[in-house]
Structure formats: structure tokens, C-alpha cells
Amino acid sequence: MNSEHPEYETADAAPSLEATLVLAWAKSSLDTAIGTALSRVGLSLDDLRRLRSIGAQPQGLTREDLAEAMGESRSHAVRSSLPLVKLGWLSRAESGEFALTDSGRALIDQAEGLAEKAAHRWFTDTGLNPTEVISAVGSGRFPHSGPP
């Protein structure tokens, strides 16, 4: 029985479904907690992931590589990146590669500090251990998860 999330309990709930529902709750809860903190600098959690993915490659990323890193279609990768280009945090080459700008790098530093504090509070409040979560469902197991 999941006493922390009784709303997910049913008499005949399959363990896989229950685990899925708990993970979905955790993702939603984290998105809200970190998203609230990141909104102070005009970012969403997906924006931060996008900036970090692009920034991890000094030469930048093609739309195909970005789409793969984000686990989304190429058209969505481009559509979601264009506002970050307009804000000056990303640049887009004639050939289509996205690269992080200097202001984008500064923003990542600021945003990561805010996100880390919010994540720390969330893990403290839920009693979960971040190291155990990484070990159990770490990004290395998922082909489209991108950097954590």
C-alpha cells in the first residue's frame, strides 16, 4: 500500500501502473516546484534542459541532435528553441545549428542555482534521496532523457 499517495491505490492495481502513477505525480510536482523558481528568470524546466543540452556541445546542436536530446520531434525542437533565440540566449546558424550565447551561459548559471534550491527543497519535503532516485531511474537508461 502506498500510504504517501493513497489516491493511486486500488484493490487490484498492478505494480507497474502504480509505479507509473507515482512517477507521473513526482514529475508533475517537480515541474511545478522548479518551474515556479525558474519563472523568476523567464524559463521553464524544459527551457533549462534545452539550454543545457545545447551548451554541452561547444559547436552547438543540429535540430536533429537537439530533438533527440530532448525526446521530441525536430519541428517541436525548432519551435521551442526560437523564443530562446529571440531572447538572445541561443543563436541559430544559417545551417540550422543552435548554439548557446554568452548571455545564455550566464542565464544557465543563475537558473541552475534557482533550480537546485527548489529541487533540494522538493527532495527534503518528500523524503526522497536524490542519489537513490538517480540510481533507480537514472537518465543513462533512457535514450531521450538528455542531461538531468
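Helices here are DSSP runs of H or I with at least four residues, strands are runs of E with at least two, and both are numbered from the N terminus. The model is predicted, so local features need pLDDT of at least 70 and side-chain atom pairs count only at pLDDT 80 or more, while totals for chains, interfaces and linings use all residues. Residues are numbered from 1 along each chain as its sequence is written, and side-chain values use heavy atoms, with hydrogens and water left out.

I'll begin with the whole chain. There are six helices and two strands, and from the N terminus they run α-α-α-α-β-β-α-α. The chain has 148 residues, and 32% of them count as buried. Buried means under 20% relative accessible area, exposed means over 50%, and partly exposed is in between, with a 1.4 Å probe and protein chains only. Contact means heavy atoms within 4.5 Å. Of the contacts with a separation of 6 or more, 49% are between residues 24 or more positions apart.

Next, helix α2, which spans residues 45-55 and holds D47. What does D47 touch, leaving aside residues up to four places away in sequence? The answer is G42 and L84. D47 is buried yet has no salt bridge. A salt bridge needs a side-chain nitrogen of Lys or Arg within 4 Å of a carboxyl oxygen of Asp or Glu. For D47, the nearest side chain of opposite charge is R50, 4.8 Å away; Lys and Arg count as positive, Asp and Glu as negative, and His and the chain ends are not counted. D46 is also in helix α2, and it counts as partly exposed because its relative accessibility is 43%.

Now the salt bridges. How many are there by this rule? The count is six. One of them joins D31 and K27, at 2.5 Å from N to O. Both residues lie in helix α1, residues 15-38, four residues apart, or about one turn of the helix. D31 has a relative accessible area of 28%, so it is partly exposed, whereas K27, at 53%, is exposed.

R63 forms another with E64, the closest N and O atoms being 3.3 Å apart. E64 also pairs with R74, at 3.7 Å between the closest N and O atoms. Through shared partners, R63, E64 and R74 join into one network. R74 is partly exposed because its relative accessible area is 47%.
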